[in-house]
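Take a moment to look over the fold before reading on. We will go through it one part at a time.

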Amino acid sequence: MIINEAPPFKELSLNNYLFNDESLKLYEEYISKTLGYVQKFLASRKFYKGDDLEEIRSNRSKARLVDIHSSSPIDKALRELDDLYISNAIAFHNPNYVAHLNCPITLPSIVAEIIATSVNTAVETWDQSTSATFIEQEVIRWICNEFQLGNQADGVFTSGGTQSNFMALLMARDHYAFEKFGINIKQHGWSDQVSKFRIFCSEKSHFSIKKNAALLGMGYDAVVPVKVDDKMRMDAEELVLAIEKTKQEGNLPIAVVATLGTTDYGSFDPIQTIGKIAKEQDMWLHVDGAYGGCYVLTETHKHYFEGANMADSVTIDFHKTLFQPVSCSAFLAKNKQHFQYVSYYADYLNPLEDKDTERPNLIEKSIQTTRRFDALKVWLTLKTLGTKTIASYLEEVHELAKRVHEHLHNNPNFETAHVPELSTVVFRYKNSEAAHEPTHDKVNLHIKNTLFKAGKASIASTKLNGNIYLKFTLLNPKNTINNLLNIIEMIEETGKKYQPKTEAL
Ligand SMILES: *Cc1c(COP(=O)(O)O)cnc(C)c1O
């Protein structure tokens with residue numbers, strides 16, 4: 001090899017770039033530099049510094065990768081990163097961030113991330129993951145046990161609730177096709193029967209059910225939304241009617257998805273009743289507990305899970321309600337045999353001839369191949385905090401949601417949409433002077449956007465009966481009712497100042 005150019009820096013060597021036994025000193029140095037940037041991120045008292053369009057535009061060009069042919073010191077890149085990303089990042093741990101399902105994260109989970117990332121284990125085949133396999137299996141066993149799924153249950157870590165729900169619908173589809181028609185979709189692919197398959201879920205269920213039905217070739221139309229009652233829970237009678245109607249139309253009801261903790265309202269579908277209906281109809285029962293699932297650890301919400309052990313599969317997101325960094329999620333199946341619908345024996349990785357029960361290959365349960373060791377975060381968090389501390393965090397944020405709701409309910413400038421069952425509060429600012437719905441929509445969007453852009457508070461919005469509502473998602477146990485009342489005050493002030501006429505530029 002001919003080197004045309006002299007290295008630009010005298011210390012240039014592979015040790016400057018690769019993690020190994022010789023680069024430990026540099027690793028330490030980099031970690032301590034990183035700490036400096038993290039400290040800066042934490043030092044900001046705002047959830048976001050606020051935005052203006054000009055800066056957004058200039059950041060777009062700052063992100064561009066130019067002049068990357070030769071090496072350059074990491075300090076320069078880190079300074080640029082600070083300016084572009086860290087100083088603009090959204091701080092989910094900040095009490096004025098109350099928008100989406102992003103939680104503050106536990107310290108042990110960060111420690112676990114550093115270890116898992118540095119060691120870089122891929123939980124794929126035994127010869128890549130060795131005893132990390134047991135850590136993932138143990139976390140799965142623990143959570144299956146919390147759901148009382150029985151001793152045939154098993155599971156796998158996934159990238160998130162969306163992927164877990166995908167696996168659930170895939171299993172439901174392939175299982176039904178095989179049991180009822182002897183069709184092996186994994187082997188032979190599409191069958192016309194599948195176009196008649198129908199999946200039932202509440203109209204407040206997560207969009208990933210529809211999206212996954214489409215990805216699985218069944219289409220949005222395969223998903224039948226079932227009406228909810230006044231508490232935003234699936235109405236079991238409506239479910240029965242919907243199933244009957246589907247049958248009359250000549251279609252095949254194959255699965256019911258019960259949401260434990262809907263994304264917007266935190267409502268729990270009546271799993272006991274729904275489960276019985278699903279079993280009577282010989283349908284797959286999937287529990288989407290992406291948001292509410294971890295509340296199984298609490299005393300306050302445990303009763304919502306009675307009957308959840310009827311589930312054929314469960315989705316649970318530790319990156320939402322177990323205070324874990326993204327990504328951290330699991331998919332559980334009551335009958336481990338059902339993982340056969342995703343398993344594949346690759347000659348170069350896990351040949352069937354080499355199957356060894358003492359040395360399992362987790363790849364056989366996953367739709368991914370190379371996969372992160374996300375289970376370590378949960379394991380270390382559980383070993384350090386213990387489940388009681390986690391449960392107390394979850395109970396605390398639920399308590400905050402109830403108190404916020406109470407205040408909003410008693411304030412004539414607001415209309416609340418539901419009584420919180422978990423930790424979201426959906427409401428809207430409704431100044432009685434404003435006469436018609438489109439104005440209310442505009443005011444509420446204006447409030448959300450104004451507070452976000454000013455870096456004052458991040459609130460989400462959603463739609464109910466076609467109208468815009470605001471939403472608090474409370475996942476920070478360190479938040480206080482006073483701080484939340486302060487945000488509500490900002491909402492009122494911003495709402496009052498809204499001038500429809502001057503807005504219409
Ligand atoms: C968030 C959520 C999902 C999707 O989970 P991701 O981890 O974001 O993919 C699915 N279902 C429900 C009920 C959710 O709240």
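At what angle do the axes of helix 10 and helix 11 cross? Helix 10 covers residues 236-248, helix 11 covers residues 271-280, and their axes cross at roughly 20°. The axes come within 10 Å. That makes helix 10 roughly parallel to helix 11. The crossing of these two helices is right-handed. On helix 10, the contact uses Ala 236, Leu 239, Val 240 and Ile 243. On helix 11, Thr 273, Ile 274 and Ile 277 take part in the contact. By class, the contact of helix 10 with helix 11 has six nonpolar residues, one polar and no charged.

Some ground rules come next. This is a predicted model, in which local features need pLDDT of at least 70 and side-chain atom pairs count only at pLDDT 80 or more, while totals for chains, interfaces and linings use all residues. Residues are numbered from 1 along each chain as its sequence is written, and side-chain values use heavy atoms, with hydrogens and water left out.

Now the terms. Helices (H or I, at least four residues) and strands (E, at least two) are DSSP runs, numbered from the N terminus. Axes are lines fitted to C-alpha atoms, for helices over the stretch in contact, and angles run from 0 to 180 degrees between N-to-C directions. Angles under 35 degrees count as roughly parallel, over 145 as roughly antiparallel, 65 to 115 as roughly perpendicular and the rest as oblique. A crossing is right-handed if the near helix is turned clockwise from the far one by less than a right angle, and left-handed if anticlockwise. Contact means heavy atoms within 4.5 Å. Ala, Val, Leu, Ile, Met, Phe, Trp, Tyr, Cys and Pro count as nonpolar, Asp, Glu, Lys and Arg as charged, and the others, Gly among them, as polar.

Turn to helix 7 (residues 161-181) and helix 9 (residues 208-215). Their axes come within 9 Å and cross at roughly 55°. Helix 7 and helix 9 are therefore oblique to each other. Their crossing is right-handed. Helix 7 brings Thr 162, Asn 165, Phe 166 and Leu 169 to the contact, and helix 9 brings Ser 208, Ile 209, Asn 212, Ala 213 and Leu 215. The residues of this contact divide into five nonpolar, four polar and no charged.

How many residues surround the ligand? There are 16 (each with a heavy atom within 4 Å of the ligand). The closest are Gly 161, Thr 162, Asp 288, Asp 317 and Lys 320. A backbone N or O atom of Gly 161 lies 2.8 Å from a ligand oxygen atom. The side chain of Asp 288 has an N or O atom 2.7 Å from a nitrogen atom of the ligand. For Lys 320, a side-chain N or O atom is 3.1 Å from an oxygen atom of the ligand.

Next comes the loop between helix 12 (318-321) and strand 8 (329-333), where Ser 327 sits. The peptide bond from Val 326 to Ser 327 is cis, with omega near -5°. Phe 323 lies in this loop too. Phi of Phe 323 is near 60°, a positive value in a residue other than glycine.

One more helix pair remains. The axes of helix 13 and helix 14 (residues 387-409) come within 6 Å and cross at roughly 95°. Helix 13 and helix 14 are therefore roughly perpendicular to each other. Thr 381, Leu 382 and Leu 385 of helix 13 meet Thr 387, Thr 389, Ile 390 and Tyr 393 of helix 14. This contact has four nonpolar, three polar and no charged residues.

Note on methods: Polar contact = N/O pair within 3.5 Å; in protein donor to acceptor, adjacent residues only side chain to side chain.
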